[in-house]
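This briefing sets out the arrangement of a single chain and its ligand for use alongside the coordinates. The points are grouped by topic and may be read in any order.

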Amino acid sequence: MNSPASTSAADLPIHFEAVGILAGEVTILDRVSIKISSGAPTVLIGPNGSGKTTLLRAAMGLTRPSFGQITWGGREASPPTRRAIVFQRPVMLRRSAAGNISYALAASGVPRAERGQRTAELLSLVGLEALSGRPARRLSGGEQQRLSLARALARDPAVLFLDEPTASLDPAATKAIEDLVRTISARGIKVVMATHNLGEAKRLAGEIVLLHRGGVIESGPASAFFAAPATEEAKKYLAGELLV
Ligand SMILES: Nc1ncnc2c1ncn2[C@@H]1O[C@H](COP(=O)(O)OP(=O)(O)OP(=O)(O)O)[C@@H](O)[C@H]1O
Ligand SMILES: [Mg+2]
């Protein structure tokens with residue numbers, strides 16, 4: 001894994017300037033202007049369909065803006081090699097847990113001779129060393145999420161995007177993922193994640209971005225956001241009321 005210095009130089013900040021994304025006639029991101037900088041995780045929150053996944057995909061460089069621009073470390077087009085994403089519903093390869101990781105290592109150019117040791121390190125980091133030979137598709141949901149994180153880390157990312165990594169996990173499995181996110185973040189990897197879970201956002205976020213109908217309602221330091229949300233929508237959302 002990499003030092004924070006190399007992280008910020010190459011890929012950060014990720015700067016959205018009045019980014020709009022259309023799907024056909026429908027606006028799915030609406031004039032989003034945010035800056036994702038190094039430091040504690042940036043957490044995207046907002047109701048279903050508010051644009052969290054779309055924003056993550058755009059920040060990863062998978063979806064191009066229809067309007068506005070996105071820059072990485074000050075450059076408009078940045079090679080996506082130092083970024084990795086874990087999707088909302090990760091697909092496991094029909095291989096063992098270890099096989100899934102070594103495949104990712106091979107795909108990111110790690111020489112064969114180093115893959116065994118790196119696979120062991122990553123399995124241990126995510127607490128799956130005892131299950132290394134198990135077919136990945138037979139792991140539990142929580143175990144698959146941890147394996148997905150290990151696979152993403154195999155790409156040696158500077159920035160790691162996580163799309164609802166704890167959705168449908170129980171409290172123990174959620175805690176395991178949250179602990180991993182803290183470890184990853186402490187190693188200098190910038191984490192950008194979407195979640196529905198406000199408690200989780202509070203526990204992990206350095207910065208919060210609240211989305212609603214494709215637009216940013218509020219963004220900024222998490223402590224300020226949770227202590228004193230500035231907008232009515234944010235107050236409602238924090239109070240557990242439905243934003244419609
Ligand atoms: N390719 C597409 N074509 C048409 N509409 C799309 C497309 N991708 C996303 N959308 C729509 O854009 C909106 C935002 O979707 P997105 O998946 O980003 O929301 P989300 O905040 O991640 O929601 P969830 O919490 O349910 O995961 C939704 O209304 C969705 O149906
Ligand atoms: Mg989503």
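The shell around ligand 1 divides into three nonpolar residues, seven polar residues and one charged residue. The model is a predicted one. The points below begin with this shell, then turn to the sheets, the helix contacts and the backbone.

**Shell around ligand 1**

- The residues around ligand 1 are Ala-23, Val-26, Ile-28, Gly-46, Asn-48, Gly-49, Ser-50, Gly-51, Lys-52, Thr-53 and Thr-54.
- Two elements, strand 2 (26-36) and helix 2 (52-60), each give two or more residues to this shell.
- Helix 2 supplies the largest share, with three residues.
- Ala-23 and Val-26 belong to the shell, and Ala-23 also stands opposite Val-26 in strand 2.

- Three strands form an open sheet in the order 2-1-4, with antiparallel pairing.
- Strand 2 and strand 4 (67-72) stand at the edges; each has a single partner strand, so one side of each is left without a neighbour in the sheet.
- From one strand to the next, the twist averages 25 degrees.
- Strand 1 (residues 14-23) and strand 2 run antiparallel and are joined by seven bridges.
- Within this pair, Ile-21 has Leu-29 of strand 2 as its bridge partner.
- The two strands form a hairpin with two residues between them, and Gly-24 in the turn has a positive phi of about 65 degrees.
- Strand 1 also pairs with strand 4, in the antiparallel sense and over five bridges; here His-15 stands opposite Thr-71 in strand 4.
- Helix 2 lies across strand 1, strand 2 and strand 4, and runs at about 60 degrees to strand 2.

- Strand 6 (residues 159-163) and strand 7 (residues 190-194) pair in the parallel sense over five bridges, with Leu-160 opposite Val-191 in strand 7.

**Contacts of helix 3 with helix 4**

- The axes of helix 3 (residues 97-107) and helix 4 (residues 112-125) come within 9 Å and cross at roughly 120 degrees.
- That angle makes helix 3 oblique to helix 4, and the crossing of the two helices is right-handed.
- Helix 3 contributes Ala-97, Ala-98, Ile-101, Ser-102, Leu-105 and Ala-106 to the contact, while helix 4 contributes Arg-115, Arg-118, Thr-119, Leu-122 and Leu-123.
- By class, this contact has seven nonpolar, two polar and two charged residues.

**Contacts of helix 3 with helix 5**

- The axes of helix 3 and helix 5 come within 8 Å and cross at roughly 25 degrees.
- Helix 3 and helix 5 are therefore roughly parallel to each other, and helix 3 passes helix 5 in a right-handed crossing.
- The contact is made by Ala-97, Asn-100, Ile-101 and Ala-104 of helix 3 with Leu-147, Ala-150 and Arg-151 of helix 5.
- Five nonpolar residues, one polar residue and one charged residue make up this contact.
- Ala-97 and Ile-101 of helix 3 take part in the contact with helix 4 and also in the contact with helix 5.

**Backbone geometry**

- Most residues other than glycine have a negative phi, and most peptide bonds are trans.
- Leu-12 and Pro-13 are joined by a cis peptide bond, with omega of about -5 degrees; Pro-13 lies in the loop between helix 1 (4-11) and strand 1.
- Ala-18 is not a glycine, yet has a positive phi of about 45 degrees; this residue lies in strand 1.

Methods:
Residues are numbered from 1 along each chain as its sequence is written. Chains are lettered from A and ligands numbered from 1 in the order in which they are written. This is a predicted model: local features need pLDDT of at least 70, side-chain atom pairs count only at pLDDT 80 or more; totals for chains, interfaces and linings use all residues. A residue is near a molecule or strand if its C-beta atom, placed from the backbone, lies within 6 Å of it. Helices (H or I, at least four residues) and strands (E, at least two) are DSSP runs, numbered from the N terminus. Ala, Val, Leu, Ile, Met, Phe, Trp, Tyr, Cys and Pro count as nonpolar, Asp, Glu, Lys and Arg as charged, and the others, Gly among them, as polar. Two strands pair if DSSP finds at least two bridges between them. Axes are lines fitted to C-alpha atoms, for helices over the stretch in contact, and angles run from 0 to 180 degrees between N-to-C directions. Two residues are in contact if their C-beta atoms, placed from the backbone, lie within 7 Å. Angles under 35 degrees count as roughly parallel, over 145 as roughly antiparallel, 65 to 115 as roughly perpendicular and the rest as oblique. A crossing is left-handed if the near helix is turned anticlockwise from the far one by less than a right angle, and right-handed if clockwise.
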